[in-house]
Amino acid sequence: MALVDDHVHPQHGHADAHHEESFLRKYVFSQDHKWIGIQYGFTALVFLLFGFTLMMMMRWALAFPGKPMPILGGLLFQASGGVMPPEFYNQLGAMHGTIMVFLGIVPLAVGAFGNYLVPLQIGAPDMAFPKLNMSSYWLYFCGGVTMLGSFFMPGGAAQSGWTSYPPLSDIAPPGQTMWLVGMLFLIFSSLLGSANFIVTIIQLRAPGLTWMRLPFFVWAQFVTSFLLLLAFPALQAAGMLQLMDRVFGTSFFLPSGLVVSGQHLTVSGGGSPLLWQHLFWFLAHPEVYVLILPAFGIIGEVIANNTRKPLWGYKSMVYAVSFLGFMSFIVWAHHMFMTGMGTVMSTFFQTTTMIISIPSVIVLTAMLISLWGGSIRFNTPMLFALAFLPMFAIGGLTGLPLGLAPTDIHLHDTYYVIGHFHYVVAPGTIFAMFAGIYFWFPKLTGRKMNETLGKIHFWPSLIAINCIFMPMFIQGLAGVSRRLYDGGQSYMHAKDISAATNPFMSYAAWALGVAQIAFIINLFWSIKKGQKVGSNPWEATTLEWAATTSPPLAHGNFEEIPEVHRGPYDYSLPGASRDFTPQNQLQEA
Amino acid sequence: MEIPYTTETRPDTGLYNAKLGIWLFLASEVMLFGSLFSSYILLRTGAPAWPHGRAPEIGLSVPLATINTMVLIASSVTMVLAWASLKLKDFAKYRMYMLFTILAGFAFMGIKSYEYATKFEHHHFPKTSTFFAIYFTLTGLHGLHVLGGMIVNGYFWGPGAKMWKTDPERFTNRIEVAGLYWHFVDLVWIFLFPVLYLL
Amino acid sequence: MSAHDDPESIRREVKAYITVFVSLAVLTVLTVAVSYFHMPVGLAVLVALVIATFKGSLVAAVFMHLRAEKKLIYWVLVLTVIFFIVLMSIPSISQWDQRMLR
């Protein structure tokens with residue numbers, strides 16, 4: 001795929017414009033943020049598809065517990081007559097979560113979208129540290145391969161949940177060690193990447209691009225990078241400690257007197273399982289904001305462009321996400337209300353958790369109000385963006401009873417939690433990712449994706465996704481626990497509700513899988529056969545549309561570094577000749 | 001197109017890119033070592049008994065660690081003097097100070113290796129107790145950071161020093177940035193030493 | 001680059017480096033000496049950390065040039081210190097108010 005062409009746009013005074021880059025240097029070890037963004041994007045989409053497949057397998061066990069699985073059952077579960085063993089279900093559960101969060105969404109949201117768009121939107125020729133950028137991608141790739149390799153270890157892949165709680169994870173089969181090693185790679189990749197983003201945004205903004213003229217997408221990426229930079233080290237440390245426990249026999253997380261399968265463990269003891277939980281959630285709570293902030297950014301861009309109006313409350317949104325980022329560091333123990341926490345700590349964390357819901361509401365409200373009086377264009381990106389709003393609202397609202405300890409007592413570790421976080425991440429973030437792919441595809445390729453296929457992708461996905469996750473709230477309220485390999489069949493209180501809902505949800509999940517085929521076909525077909533467009537097909541105002549040459553974009557992005565003269569969303573400016581005024585355009589005469 | 005502000009400073013921030021970059025990286029390192037220190041506190045305060053570093057059953061050598069502390073502090077001075085020499089355009093002095101910094105690193109690692117070896121001889125391993133677990137983990141991670149710094153400094157003393165001829169300002173900046181990392185590694189040890197050996 | 005690039009300023013800085021080096025050496029000896037006095041654990045920890053913090057501040061302010069650094073770096077560090085303090089509160093959160101798991 002030749003998306004970068006040095007010969008069409010010769011750069012002034014550019015030292016290497018006249019020598020051919022080898023294939024390896026251009027496409028494998030590229031230092032161009034656009035190609036690295038595409039590498040991240042493609043890799044992340046493959047991981048997302050794989051993680052999705054794992055879930056589709058889980059849904060068989062949930063819908064038809066104890067029944068042999070068609071096709072795959074014969075291949076994978078010969079020893080148990082085609083029936084998925086419980087240990088395998090646990091592997092699917094742990095890996096589905098890990099892959100979706102760490103190998104799929106964050107690399108897509110930050111590594112792909114962030115990498116590709118941030119330098120363009122700020123008028124920079126590349127990221128501040130192109131070589132570091134390249135290393136970030138390859139560290140991610142190695143981490144991902146290591147994680148997937150864990151499936152081939154004796155005993156299988158990691159199977160202690162994506163949360164890897166000890167003591168279970170300390171004594172789990174070898175796959176868990178690979179999970180930890182993979183995690184170390186991924187975190188290192190992230191740390192380098194986030195420093196790169198922050199320096200780029202602070203130092204490489206084009207002349208005239210003041211902070212309050214930044215596209216909201218860039219603000220979102222900026223806050224996200226701080227979260228990654230300062231929160232991930234806690235999990236890096238925890239991962240190292242768990243590796244020490246597993247490989248060197250330490251007892252960081254193993255309490256004294258632990259008995260496993262009737263045998264006392266011959267370890268020194270004296271450790272604390274709670275220590276892991278604190279360090280893990282110190283990262284993992286900011287991590288969920290890492291999952292949503294780039295989505296907010298994308299939705300903001302798509303809404304402004306497709307309402308032909310500036311975003312309402314831009315300043316409030318900027319302050320809101322900054323405040324959100326800060327608060328995200330002091331709410332983590334709301335994941336730990338059930339660990340024997342006293343009332344003082346519990347009160348503190350409930351309070352901060354309630355406070356942190358406010359900025360999200362501000363952002364969502366501002367986006368909703370932005371629709372008012374707009375000339376709305378219902379193209380595919382906008383459909384996904386519009387759907388995001390109520391879907392994220394459901395996800396956010398269902399978080400409230402989880403953030404309050406008295407209700408969390410009943411809902412913790414039930415399907416209610418799974419429903420809550422999937423609503424924010426699946427019809428939330430992933431819909432935003434789709435919106436972004438449809439929206440920025442023309443910038444990458446010079447062609448639009450097909451609108452009909454887009455709608456065939458959108459509507460069934462929206463319906464199916466609600467059919468999967470809405471019943472989970474009911475299951476959770478009825479007391480169906482998470483991580484049950486038979487979906488609750490062994491429990492008196494759970495088996496009826498599970499039998500009534502699980503098959504329906506599984507059919508919806510498989511339907512959701514089928515709906516993605518339209519997207520996959522559209523993506524590949526449109527690269528070669530999509531409708532050809534110019535450099536600004538959506539008539540947008542931000543620099544990536546307005547100032548760059550026609551796609552495919554060359555090294556250096558801009559023939560000349562643009563000068564910015566206005567805010568990011570000067571749509572329908574009174575007295576202007578067009579309904580959009582690009583950021584780099586001087587005052588009208 | 002060249003990336004702006006790799007050497008010259010951006011007017012409104014007053015910084016060149018790599019300096020901001022390294023401080024951000026150091027901020028993440030503060031959180032990394034902070035997590036381990038926090039773990040140390042949690043494990044120690046939660047333990048019914050916690051041995052003193054000097055206790056005979058532990059046998060940490062305060063004299064050796066004190067020497068190591070001095071070694072690292074000295075290397076920190078020579079590191080910043082190496083940078084100052086470049087600012088004064090004295091490349092020969094730079095090489096001398098940088099060499100000393102690298103050799104000090106070797107000395108530190110040498111003493112550390114000796115310490116570890118004596119521990120292993122006495123059958124004191126990370127799995128022996130939570131004290132040794134956190135001792136080896138904290139000093140081990142710190143040691144890896146020292147090693148990393150030595151490799152970077154070695155590169156800048158050796159093949160990387162070519163840049164002094166082609167782009168002296170950029171090279172000086174690189175030494176400043178490497179120095180900031182090295183000082184941080186010294187700073188972590190300044191806390192590690194009393195916490196593990198003296199308390 | 002910086003306003004203090006002239007040889008005279010550098011030489012004054014070098015003087016400061018040497019002074020700090022000597023101070024650090026003295027403080028190290030002090031840390032070790034103090035540790036041999038018998039005092040309650042809490043006080044010993046406090047004294048050791050106070051001296052270490054002072055030593056660290058010298059390294060940061062002088063060797064790492066923080067005393068002359070730009071505002072942006074300060075703000076990054078202030079943010080980091082705040083979150084560092086939150087991180088260091090984990091042991092107390094974990095143990096002070098616990099009802100069951102100790």
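**Entry 1: Leu148(A)**

I looked up Leu148(A) and found that it counts as partly exposed because it has 17 C-beta neighbours inside 10 Å; a residue is buried if 20 or more other C-beta atoms lie within 10 Å of its own, exposed if 12 or fewer, and partly exposed in between, with C-beta atoms placed from the backbone. I note that this is a predicted model, in which local features need pLDDT of at least 70 and side-chain atom pairs count only at pLDDT 80 or more, while totals for chains, interfaces and linings use all residues. Residues are numbered from 1 along each chain as its sequence is written, and chains are lettered from A and ligands numbered from 1 in the order in which they are written.

I then placed Leu148(A) in helix H5 of chain A, which covers residues 130–149; helices (H or I, at least four residues) and strands (E, at least two) are DSSP runs, numbered from the N terminus. I also checked Phe50(A), which lies 98 residues from Leu148(A) along the chain, and the C-alpha atoms of the two are separated by 9.9 Å.

**Entry 2: chain B by itself**

I counted six helices and zero strands in chain B, so that the order from the N terminus reads α-α-α-α-α-α. The C-alpha trace of chain B spans about 60 × 35 × 25 Å along its principal axes. Of the 199 residues in chain B, 53% are buried. I looked at contacts in chain B with a separation of 6 or more, and 74% of them join residues 24 or more positions apart; two residues are in contact if their C-beta atoms, placed from the backbone, lie within 7 Å.

**Entry 3: chain B against chain C**

I found 38 residues of chain B in contact with 38 residues of chain C. On the chain B side, helices H1 (17–46), H2 (62–87) and H6 (168–198) each supply at least two residues, and the largest share, 13 residues, comes from H1(B). By class, this side has 24 nonpolar, 12 polar and two charged residues, where Ala, Val, Leu, Ile, Met, Phe, Trp, Tyr, Cys and Pro count as nonpolar, Asp, Glu, Lys and Arg as charged, and the others, Gly among them, as polar.

**Entry 4: chain B against chain A**

I turned to the contact with chain A, which takes 30 residues from chain B and 35 residues from chain A. The elements of chain B that give two or more residues to this side are H1 and helix H4 (130–157), and H1(B) provides the largest share, 15 residues. I recorded 17 nonpolar, 11 polar and two charged residues on the side of chain B that touches chain A.
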